[in-house]
Amino acid sequence: VTVEPDFPTVLGDDLELARLLENVFSNAIKYRADSRLLRLSIGWRPEGGGFLLWFRDNGIGIDPKDHERAFGMFQRLPGSESRSGTGIGLAICRKIVEHHGGRIWVESAPDEGSCFFMAFPKQER
C-alpha cells in the first residue's frame, strides 16, 4: 500500500468515513487477482476548491459496462461468484460520499485493476 504525502483530512461523520475506507480496502483485498501480489495506491489532488481522492488496485477489474451497476444495492457482478459478499459495499460507499457532498465513480477494465475516485467539495473546519 502506498499513500501520497500530505493526504488531506476529510471532515465528516467519523463512523461513516471509516466504513467508506473499510469497504474500499476490503474490496481491494476480496477482488485481488490470484496471479499477482495486491498493490493499492492512494492518492489525491486539489480540484474545484475541494479535492479528489483515488484508490487504485491491481485486482480483477470491472467491465466498463458494469461500472454504474457496481454501485447498485445487492449487485453482484460477473466474476464475483467465487468471492463472498452481499453486493451492498459500493452502494454504501456511494451513500456515504454523497452524504458528504461528494461523488464517487470507478474506472476499470477486466484484469487491469480498478480505480475508485471520490470528489469532495471544499470543506470548512
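**Entry 1: the cavity**

I began with the lining of the largest cavity, which by class has four nonpolar, one polar and one charged residues; I counted Ala, Val, Leu, Ile, Met, Phe, Trp, Tyr, Cys and Pro as nonpolar, Asp, Glu, Lys and Arg as charged, and the others, Gly among them, as polar. This is a predicted model, in which local features need pLDDT of at least 70 and side-chain atom pairs count only at pLDDT 80 or more, whereas totals for chains, interfaces and linings use all residues. Residues are numbered from 1 along each chain as its sequence is written, and side-chain values use heavy atoms, with hydrogens and water left out.

I took a cavity as a set of points, on a 1 Å grid over the protein atoms alone, where a 1.4 Å probe fits but cannot get out, with lining residues having an atom within 4 Å of a point. Grid points are joined across faces, edges and corners, and the volume is the space filled by probe spheres set on the points. The count comes to one cavity of 30 Å³ or more, and the volume of the largest cavity is about 30 Å³. I listed its lining as Val-24, Asn-27, Ala-28, Phe-55, Asp-57 and Phe-116. Helix H1 gives the largest share, three residues, while H1 and strand S3 (50-57) each supply at least two.

**Entry 2: the overall fold**

I then looked up the elements, which are DSSP runs numbered from the N terminus, helices being H or I of at least four residues and strands E of at least two. I found two helices and five strands, running β-α-β-β-α-β-β from the N terminus on. Of the 125 residues, 42% count as buried, meaning under 20% relative accessible area (1.4 Å probe, protein chains only).

**Entry 3: the sheet**

I traced an open sheet of five strands in the order S1-S2-S3-S5-S4, with mixed pairing, where two strands pair if DSSP finds at least two bridges between them. The edge strands, each pairing on one side only, are S1 (2-3) and S4.

**Entry 4: the helices**

In helix H2 (residues 89-99) I listed Leu-90, Ala-91, Ile-92, Cys-93, Arg-94, Ile-96 and Val-97 as the buried residues. What do the buried residues of H2 pack against? I found helix H1 (14-30), strand S4 (103-108) and strand S5 (114-120). After H2 comes Gly-101, whose phi is positive, near 80°.

On the H1 side I checked Asn-23, which lies in that helix. Why does Asn-23 count as buried? I put Asn-23 in that class because its relative accessibility is 10%. Leaving aside neighbours within four places in sequence, Asn-23 is in contact (heavy atoms within 4.5 Å) with Gly-89, Ile-92 and Cys-93.

Methods: Buried means under 20% relative accessible area, exposed over 50%, partly exposed in between (1.4 Å probe, protein chains only). On a 1 Å grid over the protein atoms alone, a cavity is a set of points where a 1.4 Å probe fits but cannot get out, and a pocket is an open set with protein on both sides within 12 Å along at least five of seven lines; lining residues have an atom within 4 Å of a point.
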